[in-house]
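This report looks at a ligand site, a helix and a nonpolar core. Please view the sequence and structure first.

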Amino acid sequence: MGKITLYFIIASLFYLCLGVTIGVVFTIHSDLIGVFLPMHAHANLLGWVSMMIFAVAYHVLPRFSGRPLFSETLGNLHLILSNIGLLGLIIVWPLLRTYGTITLQAIHIVAAVFYAIGAFLFVINIGKTVFGKD
Ligand code: HEM
């Protein structure tokens with residue numbers, strides 16, 4: 001198993017633990033839902049679900065297409081950007097909802113752009129792998 005796949009699996013399992021823990025906290029303290037809902041939803045969907053999909057895609061799609069992954073460098077960049085971006089998003093979101101400062105909004109935007117750039121790199125990398133001419 002490649003390093004990119006391995007680290008995406010580790011990240012995904014970490015976000016699953018975080019997401020379901022926040023979910024359980026919600027069942028006990030429903031007053032926290034308003035502030036922490038984006039943290040729960042995005043840890044689960046962008047973290048647990050998407051990162052497990054990225055992990056499986058990096059392992060399986062090059063094999064399905066009979067070609068090596070187009071770029072390990074792009075894959076590593078995707079891993080780093082998506083995790084910095086998602087951690088930034090889910091940490092800043094509750095703070096933004098509570099304090100609403102311009103600085104927090106700026107960090108939130110940067111985190112979102114990091115995650116999005118990582119996603120575009122994934123599209124390019126997997127696109128070149130699956131549809132590239134050899
Ligand atoms: C132990 C597991 C979990 C518990 C106890 C839990 C609990 C909750 C609670 C209490 C809410 C707030 C509902 C409301 O607005 O009143 C919520 C929202 C949400 N949860 Fe979970 N959850 C769990 C796991 C998951 C997982 C695994 C996912 C996705 C893969 C997920 C995705 C979402 C999403 C997207 C929302 C927002 C829904 C909306 O605003 O309409 N949750 N969850």
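## Model and ligand shell

Helices here are DSSP runs of H or I with at least four residues, numbered from the N terminus. The model is predicted.

Two helices, helix 1 (3-28) and helix 2 (33-65), each give at least two residues to the shell around the ligand. Helix 2 has the largest share, 8 residues. In total, 14 residues surround the ligand. Val-20, Gly-23, Phe-26, Ala-41 and Asn-44 are the closest. The shell has 9 nonpolar and 5 polar residues. No charged residues belong to the shell.

## Helix 4

Which residues of helix 4 are buried? They are Ala-111, Phe-114, Tyr-115, Gly-118, Leu-121, Phe-122, Asn-125, Ile-126 and Thr-129. An α-helix has 3.6 residues a turn, so residues three or four places apart point the same way. The cover over the buried residues of helix 4 includes helix 2 and helix 3 (72-99).

The length of helix 4 can be checked too. Helix 4 has 30 residues, 102-131, so at 1.5 Å a residue its span should be 44 Å. Its end C-alpha atoms lie 42 Å apart, which agrees.

## The largest nonpolar core

The largest nonpolar core has 27 residues. Phe-8, Met-51, Phe-54, Tyr-58, Leu-89, Ile-90 and Tyr-115 touch the most other members. Helix 1, helix 2, helix 3 and helix 4 each supply at least two residues of this core.

Take Phe-8. Leaving out residues up to four places away in sequence, Phe-8 touches Met-51, Phe-54, Ala-55, Tyr-58 and Leu-79.

How values were computed. Residues numbered from 1 in each chain as written. Predicted model: local features only at pLDDT ≥ 70, side-chain atom pairs only at ≥ 80, totals over all residues. Near = placed C-beta within 6 Å. Nonpolar A, V, L, I, M, F, W, Y, C, P; charged D, E, K, R; others polar. Expected span 1.5 Å × (residues − 1). Buried ≥ 20, exposed ≤ 12 C-beta atoms within 10 Å, placed from the backbone. Contact = placed C-beta atoms within 7 Å. Core = buried A, V, L, I, M, F, W, Y, C linked by C-beta atoms within 7 Å.
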